[in-house]
Amino acid sequence: MKNNGIIESHDLSIEEIKNSLSGSMCAVGKKIIFLETVDSTNTHAMELAGKGCEEGTVVIADAQTGGKGRLGRKWLSPAGKNIYMSIVLRPHIPPRNAAILTLMSAVSCATAIKKCSSIPVTIKWPNDLMVAGKKIGGILTEIKADMDRISYAVIGIGINVNLNPMDMPAEIGSTMTSIKHHSGDVYPRTEIAVEILKETDRWYSILLNTGKKPIADEWMLLSSGIGRTVKVTVGDTVFTGVAESIDEEGMLMLRLPDNSIKKINSGDVAILR
Ligand code: BTN
């Protein structure tokens, strides 16, 4: 299938995405850009945002050559298998609240995948989408802000849809899964992308109209690590404790063995028991 001269895979149709969204969305998906290959949809979307593209612009690629993960990691992005998508938002919130955008996206993606596939996706703080202890997707939010206002944010979403983890390097293949690998069924990426965009639009309206609390509450319901004993690695430091909750800024509240609470804003969580 061709879209403005660009070849689309059979299960990822931008025309179908546009048709499914038309008329029903408040902000997200007003403009959708498809690229067969790009270094990173996030980098591309940040550039468009810097040039003034409209809020809700979505960049989707079939493959990425320089996909970015959290904490400077790479996000391997083979063609024809997964969703690589970035959404430009212009929320009027201070930069210290930016983490709520990642929580909002995690809630939106988990809800969308559950609706499409019935896979019991959970969220591991801050942004890992998990099923049966393996990673099925991740979110990377980037912002441009001055001291008191975000000028724009890009929410980057990577979902393993039809990927075979065995095709990935062994060290990461063993930690990941995909919707197909977990369920045994092949899912059209179009359907999942549409549902993610609809959920993102719905939760973004809630954020703008009601505030952060409904998102934080839903995040808690979908989380797999809250109430569990976890090991949190922050740079070279490791904290072990009970993950009690998140606050409205998206910080993890960790109850340490001396009963004090440590607030953590960035790190890697491993669930111990
Ligand atoms: C993580 O869990 O480390 C976050 C992964 C985010 C990957 C997505 S794929 C689409 C978008 N473009 C990127 O370069 N990264 C995000």
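The questions and answers below cover the ligand, the pockets and the cavity.

Analyst: Residues are numbered from 1 along each chain as its sequence is written. This is a predicted model: local features need pLDDT of at least 70, side-chain atom pairs count only at pLDDT 80 or more, totals for chains, interfaces and linings use all residues, and side-chain values use heavy atoms, with hydrogens and water left out.

User: Where does the ligand sit?

Analyst: A pocket is an open set of points on a 1 Å grid over the protein atoms alone, with protein on both sides within 12 Å along at least five of seven lines. A molecule sits in one if more than half of its atoms lie within 2 Å of its grid points. By that test, the ligand sits in the largest pocket.

User: Which side chain has a polar atom 2.6 Å from an oxygen atom of the ligand?

Analyst: A polar contact is a pair of N or O atoms within 3.5 Å. Serine 40 has a side-chain N or O atom 2.8 Å from a ligand oxygen. Threonine 41 places a polar side-chain atom 3.1 Å from a ligand nitrogen. The 2.6 Å pair belongs to lysine 135.

User: How much of the ligand does the protein bury?

Analyst: Lysine 135 holds a polar side-chain atom 2.6 Å from a ligand oxygen. Taken alone, the ligand exposes 420 Å² (Shrake-Rupley method, 1.4 Å probe). The buried part of that is 98%.

User: What is the volume of the largest pocket?

Analyst: A volume is the space filled by probe spheres set on the grid points, which are joined across faces, edges and corners. For the largest pocket this comes to about 700 Å³.
Of its 34 lining residues (an atom within 4 Å of a point), those closest to the centre include Trp75 and Asp128. β8 supplies the largest share of this lining, four residues, in a pocket of about 700 Å³.

User: How many nonpolar residues line the largest cavity?

Analyst: A cavity is a set of points where a 1.4 Å probe fits but cannot get out. The largest one holds about 50 Å³, and Trp125, Trp219 and Leu252 are among its lining residues. Two polar residues and one charged residue join the nonpolar ones, which number eight.

Notes
Nonpolar A, V, L, I, M, F, W, Y, C, P; charged D, E, K, R; others polar. Polar contact = N/O pair within 3.5 Å; in protein donor to acceptor, adjacent residues only side chain to side chain. Helix = DSSP H or I, 4+ residues; strand = E, 2+ residues; numbered from the N terminus.
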